[in-house]
Amino acid sequence: MTRQPFRPGEASGDRAVAVGHNQGIVSTGDGAVIDNRTVRLPAEAVRGPAEVAAPPGLNNLPAPRSGVFVGREEDLARLDAATGIEDGHEADGAVPVVVHGLGGMGKSTLALHYAHRHRDRYNPVWWIPAESAATIGLGLAALAAHLNPYADLTAASGAEAAAWATTWLQAHDGWLLVFDDAAVPGDLAPLLGSLTTGRHLITSRRATGWHHLARPVTLDTLTPDAALDLLMRITDSTDDGAAPELAELAAELGHLPLALEQAAAYIQHTALTPAAYLARLRRHPARMFATTASASADSGQQRTIARIWQLTLDAIAARDPLAVEILRTAAWFGPDDVPRDLAEALDDDPIAVDEALALLHAYSMITLTPRTFAVHRLVQAVARTPDPADPHRGADAIDGARRRAAELLAAALPEDPLFNVAGWPRWRELLPHIEAYAALTEPTAPDQDDEAIDRVLFEASAFLLGEGRTDRAVAFAERSVAASERLRGPDHPRTLSSRSYLASACRSAGDLDRATPLHERNLADCERVLGPDHPDTLASRSNLAHLYALTGDPDRAAPLHERNLADYERTLGADHPHTLASRANLATVHRSAGDLDRALPLLTRNLADHERVLGPDHPETLTARSNLAYAYELAGDPDRAVPLHERVLADRERVLGAAHPHTELARDLLTRARAARP
């Protein structure tokens, strides 16, 4: 169909416009016949877009999905500032704004409330689904139809109607377009560049690619208080006694708005308690992530956590399967500050990993920094929950990701967690992810614990012991012993080492009744399996002697330490760290027994040897200095004790940090030594 051009100067009044499908047939004059049909339209039907005024209050805004909207006042204020509204007045030259974030964060809800709040400021206010270029075109064509009632008759196609709307927008100001759920920045680039007389608000899961088009506004989760408020309002909870259970549920859901709404609607629909819902969530996560408020609802049309993230992963997997593998693996780590090098170990090509991480970040599935990345805890929960209906969450794929996560942690561990000071920062970086993995896999331990996770738990128990976190050291060592006994047998050297760590952790935790038989058994097993001179046998003897000293039995402790010192000097040499530790242990027994004449020379030599062999700042050197200071204090010589204690405290604050347990001990010892001065 060809539209008759409007001729300036023609008389107004009805004109005949031919309507039909024969593109080559055009009539002129007062009437037109095409396919035997003639439609007579008023002259305004062919007015140019610039001549058409928008009807007052024109908008197509949907109603908010929920009547409850909390915790977003600061975000609305950020949108005001970003769109150029300051102190209630609109500034010139505002650029388009894109609200981006994880699916389920509430981006569309925020944009919808913003648009409703400003309906009196803009006209028209038009909501356009932006999942593709086609849906954007349809949205513009719908706008044309509302601006020009004759659009369906005067436009040959939807594309022509969209072009008419674009021309109208170029010719008018004071409008607001909301492009919801934009998938690709490039779909909007032609429009944003040509439409500069109004305001644009975009929502998208895409976090990147907008820098040349729009000003980004990142939307985060709700605060804990706002999340609790949301749950209480939707569930109509007026009883403050329900608040703790709801707060626990909100934390479990990571304060993600859609997850909170989904849970609250289910609780209200089924009349469950929050605790009961949380129990179901933990026992049946796949079903609860996909469950709507009503069993009769059309699940294909419901917004659920499982559905929206499956759609996102479909798009990611189509572009880069490695990205999905990274996400499944990272689901077994802690949610924050995951070292990028853990992901880099999944592929030999570092550039491929960079691109996979960037893709996950672009879709807001992770937050990426130069050294680390973060994953929302609920994304992790979904990613590690098997669901046969989701191709990305098959049981075999998730089990493989669990095993790979343990292998990555094991490969990343620094050597010698007790004495390798240079490796301690790395240990502190990895420990939250070791803790998370251990907690997540605890229900299946030890049956599914393999050699990789056994090594992680074994080494971590030693590091935690040095950090003074004896409760976790005991738990990790217990699990390592169980795994090693199953994998290697009770007499394997590695099993004996795990049992030794467990005994030491129990001893440090003050559980001497449990530690004593463990240490005694371990020494007997080491002598039987490894022989009397094996380093592990000597360590076991030293541990047992130290235990006897703690129980106030120096007569049993001193001979064991004396034998151990002689054996270390003979087998490892006088300067080996184990030999130095053995000499310190013997000196400590003499000091505890009140024999300072024997203790002080050993402690003095030990400090000098530690400074020479390990360096003045090594933690064991600081301990040797502290032991000597304490011996001087017991000998009634505070003038020599106090300066040593002062140096120990200063060095520990610098090397270990002010909050480390050994630093706190140094502070207490210094306070007591100063008080003992005359």
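This is a predicted model: local features need pLDDT of at least 70, side-chain atom pairs count only at pLDDT 80 or more; totals for chains, interfaces and linings use all residues.
**Exercise 1**

Find how many salt bridges the whole structure holds, and name the residues of one network.

*Solution.* Start with the background. Side chains of opposite charge can pair when their charged atoms come close. Next, take the total. A search of the whole structure gives 52 salt bridges. Last, look at a network. Salt bridges link Glu 485, Asp 491, Arg 499, Arg 521, Asp 525 and Arg 528.

**Exercise 2**

Decide whether Arg 72 and Asp 75 form a salt bridge, and classify each as buried or exposed.

*Solution.* Step one is the distance. The closest N and O atoms of Arg 72 and Asp 75 are 3.1 Å apart. The cut-off is within 4 Å. The pair forms a salt bridge.

Step two is the accessibility. Buried means under 20% relative accessible area. Arg 72 has 5%, so Arg 72 is buried. Asp 75 has 11%, so Asp 75 is buried.

**Exercise 3**

Locate the partners of the salt bridge between Asp 533 and Arg 570, and say what the pair ties together.

*Solution.* First, the contact. The side chains of Asp 533 and Arg 570 meet in a salt bridge, at 3.0 Å from N to O. Then, the places. Asp 533 sits in the loop between helix 22 (512-529) and helix 23 (535-550). Arg 570 belongs to helix 24 (residues 554-571). The pair therefore ties together parts that are 37 residues apart in sequence. Finally, the surface. Asp 533 has a relative accessible area of 34%, so Asp 533 is partly exposed.

**Exercise 4**

Describe the salt bridge between Arg 677 and Asp 639: distance, location and accessibility.

*Solution.* Begin with the distance. The closest N and O atoms of Arg 677 and Asp 639 are 3.7 Å apart. Now the location. Arg 677 is in the segment after helix 29 (661-675), and Asp 639 is in helix 28 (residues 638-655). The pair links distant parts of the chain, 38 residues apart.

End with accessibility. Arg 677 is partly exposed, at 38%. Exposed means over 50%. Asp 639 has 54% relative accessibility, so Asp 639 counts as exposed.

**Exercise 5**

*Solution.* Check the surface. At 24% relative accessibility, Ala 317 is partly exposed. List the contacts. Then set sequence beside space. Ala 317 and His 392 are 75 residues apart in sequence. Their C-alpha atoms are 8.5 Å apart in space.

Key. Residues are numbered from 1 along each chain as its sequence is written. Side-chain values use heavy atoms; hydrogens and water are left out. Buried means under 20% relative accessible area, exposed over 50%, partly exposed in between (1.4 Å probe, protein chains only). Helices (H or I, at least four residues) and strands (E, at least two) are DSSP runs, numbered from the N terminus.
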